[in-house]
Amino acid sequence: MTPALPYYLTLSAILFAVGMMGVFTRRNVLIVFMSIELMLNSVNLAFVAISRHLNAVNGQAIVMFVMAVAAAEVAVGLAIIIAWFRNRESVDVDDLSLLKW
Amino acid sequence: MTFPHLLFFIILLPFLGALVNAFWGKRYLREPNAGRVAVLFAAGSFALSVLAVMNLAQMPAAQRGVGIVDRVYPWIYMGRFQIDFSLTLDPLSAVMILVVTGVGTLIHIYAMGYMHGDPLYSRFFVYLNLFLGSMLVLVLGSNFILLYVGWELVGACSYLLIGFWFERVSAAKAGMKAFVVNRVGDYGFAIGIFLTFVAMTMALPPGAPIEMSFRQVSEVVAAGAVPMITVMIICLLLFWGATGKSAQIPLYVWLADAMEGPTPVSALIHAATMVTAGIYMIARTHVLFDYATPTIGGFPVVALIGALTAIFAASIALVQYDIKRVLAYSTISQLGYMFLAVGVGAYVAGIFHLVTHAFFKACLFLGAGSVMHGLHNEVDMRKMGGLKRYMPKTHITFAIATVAIAGIPPLAGFFSKDQILAHAFEHGTSGKILWGIGLVTAFMTSFYMFRMYFRVFWGEPEIAYGQAQGGDPTVPHQNPADHSPDAEGHDVGRHSEAVQAHGHGGGLPHESPGNMTGVLWALAILSVVGGFLLGFPEFISHATGLPFGHLLEGWLVPVFHHGGQTGHEAGHLSLAVELLLMGASIAAALLGLAAAWALYGPAKAPQFRSAQGLERTGFLQGKYYIDELYNAVIVRPGYVLARISDGFDRYVVDMIVNLTAFFVAFWGEVFRFFQSGYLRWYAWGMLGGATILLAWFVFLS
């Protein structure tokens, strides 16, 4: 017997909250990045769980998309971070503040 | 001999000369060479002009009226409005280009001596060449638009040259005054041209190109396709323009102040060439002026203004002390004569006087310049006297030109002036009045010219040479007008410093260098022979069989011959009347000479001269206070209006702009708070937004 839906959703919410904490509290860009991945995956988990609960594949299809987008995002994001690091020798998000007025 | 675009090259040469001096004059050519280059280009233009006029003279008389047309290139083509950059050499413009380039070249040569030592020597020749080219555009242009271009170009050159010694405030102001007053005239001229265009659009069949050429406009008007009233208004507007450029009432005020410019400029621009542009323009568009008043020919307003200006300016010239100002008012007066002539339809006489006036007035101005050159830039004739001892060549040439302008036969001025008066006399009843005014003016002209001549070259100066300027208190004579601004306006600034630097400040007067006196001689000879060679009265040669004829008349007939009025040499008068009129002119001239001799002749002790009643007439001395009147009526209200506009601009227009900017800046400051640049800040923003949206969906919908 598989666990009931609320367990999955609770786990998903906890993972999302952990990811969000990481985004807001960490200053290392790489950690922030990983935290975003964590948030994305927590959402994936919610999707899959609800998909299974409703006996519909829509949610699983969306998960595929999310993972594809996340892969692309990682590629672009890491490239930016490397470029940034080469320029500034820093991976601190608070140094990434040049785009203000 | 001819070659393509000969006419265009006549114009091009002076402009090229200006370019050469503008680029290389100051750095490489410098003092004598810059002047030589300018003279070379001017003389080249003169040579080409002679060549072109010889070509024209070989054409049969019937074709000569059409002239040589050089269509350089299509210029402005917009629908029906099709303007060519096109030049026309017909007998009228031939006379003009010969005067402009001929006298112009002489004055270039003279200026080489006169401008000696000026730090802006080469720039002066840039302007002078530029002026020459512009004037040629004016007289050679085949259409109104090109004429207008030349008209404005010479105005700009005039401005630059009047204000040439711009460190002197009076010179800078005089330049501005000339420019602004000319704008007033040009405004009317421009509207006249616009109105001509509108009249052409209506008179020509639909689709026919409007070239605005003098030929086209004249033909359309002569064919009667334009309503009489329109032609009349066009003529009035064109004449308005002419009063500005040619210094007639009410726009004459700038010319006397224009004497702040270097003397060669006064001679070339403000006596011989540019100021005659108005007469040229009216002669050029004479078909319109004749058409507007078919019964009498000419245009009464033009004649009246001309006659009034002639006598008005002559009366001011009677009492002036500044030798250049006397000549300036004399020029205004003589221009009035020319307008009188063209106003009564005597175009040939008007152009004749234009030519002779160019000779003797240029000679007089250059003579005055020579006097100034020898006297450390002195222009006050009270500080002159007995100069014939020191400057014999200047003295003789000046005397010749004085006799010429006074109208004593057989010098040039007599013939042209007498013909104008004769034409005025035969011009109906009103013509008798015009003739009377002209005769009195002739008397005045003779008087003020001989007054100046005697005071400058004979007797002794009221204040001995070498004494301090501005009136030494030990000198017994003290005139209340001694400290008038006119008398002292001329001797400060760059030029006088330069003159002092090369060693003739103070001391005794001395004769000018050879290139200056040579030019004086050339112009004096022209003043002697110009009259009877160009315009010997036909009726005398008929009666006596002398080999002279009215050369100019025969030359200009193809231009002015149309319909009944040919401006024929006083054809309606009997021999007796002609001789009587001629006698009256001579009598007026001699009377003026006698009066001047009596009042200012060498027998008079110097200190009595200024005590003469006439010179103390404040009204004349103050030039009828016209300048003050214009100041009060036009300039002051203009200032007030400018101040109001300035206030409106500052506090209303600028306020609107500034408030807009303030509004944007304020909200920018507000929103700037959200753009910190910190990623975390944006992430929090997203979180907050997402939370609010979620709350909205969950709790409110």
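**Reading salt bridges and a buried serine**

Mentor: B:Arg71 is partly exposed, at a relative accessible area of 42%. Please bear in mind that this is a predicted model.

Trainee: With which residue does the side chain of B:Arg71 meet in a salt bridge?

Mentor: Side chains of opposite charge can pair when their charged atoms come close. Here the partner of B:Arg71 is B:Asp84, with an N to O distance of 2.7 Å. B:Asp84 lies in strand S2 and B:Arg71 in strand S1 of chain B, so the pair ties together parts that are 13 residues apart in sequence. B:Asp84 is buried, with a relative accessible area of 14%.

Trainee: How many salt bridges does the structure hold over all chains?

Mentor: The total is 15. One of them joins B:Glu260 to B:Arg168, whose closest N and O atoms are 3.0 Å apart. The two residues sit in loops of chain B, B:Glu260 between helices H9 and H10 and B:Arg168 between helices H5 and H6, 92 residues apart. Both B:Glu260 and B:Arg168 are buried.

Trainee: Which residues do salt bridges that share partners join into one network?

Mentor: Consider B:Asp257 and B:Arg325, which form a salt bridge at 3.4 Å. This pair links helix H9 with helix H14 of chain B, across 68 residues. The network comprises B:Lys177, B:Asp257, B:Asp322, B:Arg325 and B:Asp627.

Trainee: Is B:Ser585 buried or exposed?

Mentor: B:Ser585 counts as buried because its relative accessibility is 7%, under the 20% cut-off. This serine belongs to helix H25 of chain B, and its side chain makes a polar contact of 3.0 Å with the side chain of B:Asp418.

Technical notes
Residues are numbered from 1 along each chain as its sequence is written. Chains are lettered from A and ligands numbered from 1 in the order in which they are written. This is a predicted model: local features need pLDDT of at least 70, side-chain atom pairs count only at pLDDT 80 or more; totals for chains, interfaces and linings use all residues. Side-chain values use heavy atoms; hydrogens and water are left out. Helices (H or I, at least four residues) and strands (E, at least two) are DSSP runs, numbered from the N terminus. Buried means under 20% relative accessible area, exposed over 50%, partly exposed in between (1.4 Å probe, protein chains only). A polar contact is a pair of N or O atoms within 3.5 Å; within protein, one must be able to donate a hydrogen and the other to accept it, and residues adjacent in sequence count only if both atoms are side-chain atoms. A salt bridge is a side-chain nitrogen of Lys or Arg within 4 Å of a carboxyl oxygen of Asp or Glu.
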